[in-house]
Amino acid sequence: DKSICDAIAGDAQIRCKNTIDEKKLQTILANGNITKELCDSLETTYKAICMDALERAIATSISSNAISASNTDNCDEITTENEKDLCYDTVNLKKAFTTNDITECTKIIDDKKKEYCISTIGRALEAVRFKEYVAKNDLESCASLTTEAYKVRCEETIIFTQVRLSKNTNL
């Protein structure tokens with residue numbers, strides 16, 4: 001209780017109140033029980049730190065709900081731009097990986113995450129097409145593969161299969 005500091009005069013009173021606020025803030029942050037009311041009970045610097053922590057906790061909760069629901073609409077409730085962008089990116093990345101839909105990657109704001117998403121999904125889709133072409137013995141489609149290693153392996157696998165089945169080494 002900061003009222004005990006009222007009996008102290010001058011700078012010592014300010015230090016007393018700051019020490020109490022500092023300890024109170026440490027307790028609030030350690031318990032994770034951050035509320036606007038608790039932050040409002042603090043003075044200046046400690047109040048600002050508390051309000052920032054409260055905003056991050058709210059953003060984290062909203063992001064978790066958005067990610068669970070795979071719904072970027074929830075991200076709109078976040079007030080800080082960085083946290084909001086992170087929410088959008090995480091939801092869209094999850095959607096892209098869950099559905100293997102590369103168009104979801106284009107909705108990602110962060111360029112590095114977007115690039116990672118596109119290349120990862122692209123490789124996964126390429127692997128699916130490779131397997132499909134080999135399973136169907138579709139030699140012509142192998143040429144459409146963009147990864148050189150997949151293209152060569154696809155052609156070789158199909159040719160070797162045809163040679164083995166036909167016992168004709170002239171293929």
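This is a predicted model: local features need pLDDT of at least 70, side-chain atom pairs count only at pLDDT 80 or more; totals for chains, interfaces and linings use all residues.
Since C75 belongs to the loop between α3 and α4 whereas C87 sits in helix α4, the pair ties together parts that are 12 residues apart in sequence.

## Helix α4 around C87

Helix α4, which covers residues 81–99, has 19 residues and reaches 27 Å from its first C-alpha to its last, close to the 27 Å expected at 1.5 Å a residue. C87 is one of the buried residues of this helix, a list that also includes K84, Y88, D89, V91, N92, L93 and A96. The buried residues of α4 pack against α3, against α5 (102–105) and against α6 (111–135). Just after the helix, N100 takes a positive phi of about 55°.

## The link between α2 and α3

A further disulfide is formed by C39 and C50, with their sulfur atoms 2.0 Å apart, and with -75° about the S-S bond this link is left-handed. The pair links distant parts of the chain, 11 residues apart, with C39 in helix α2 (residues 36–40) and C50 in helix α3 (residues 44–69). Both of these cysteines, C39 and C50, are buried.

## The link between α7 and α8

C142 and C154 also form a disulfide, and here the sulfur atoms are 1.9 Å apart. The angle about the S-S bond is -55°, which again gives a left-handed link. Because C142 lies in helix α7 (residues 139–142) and C154 in helix α8 (residues 148–166), this pair ties together parts of the chain that are 12 residues apart in sequence. C142 is buried, as is C154.

## The disulfide pattern of the protein

When the bonded cysteines are counted along the chain, the disulfides follow the pattern 1-2, 3-4, 5-6, 7-8, 9-10.

Key
Residues are numbered from 1 along each chain as its sequence is written. Side-chain values use heavy atoms; hydrogens and water are left out. A disulfide is a pair of cysteine sulfur atoms within 2.5 Å. Helices (H or I, at least four residues) and strands (E, at least two) are DSSP runs, numbered from the N terminus. Buried means under 20% relative accessible area, exposed over 50%, partly exposed in between (1.4 Å probe, protein chains only). The expected span of a helix is 1.5 Å times one less than its number of residues. Contact means heavy atoms within 4.5 Å.
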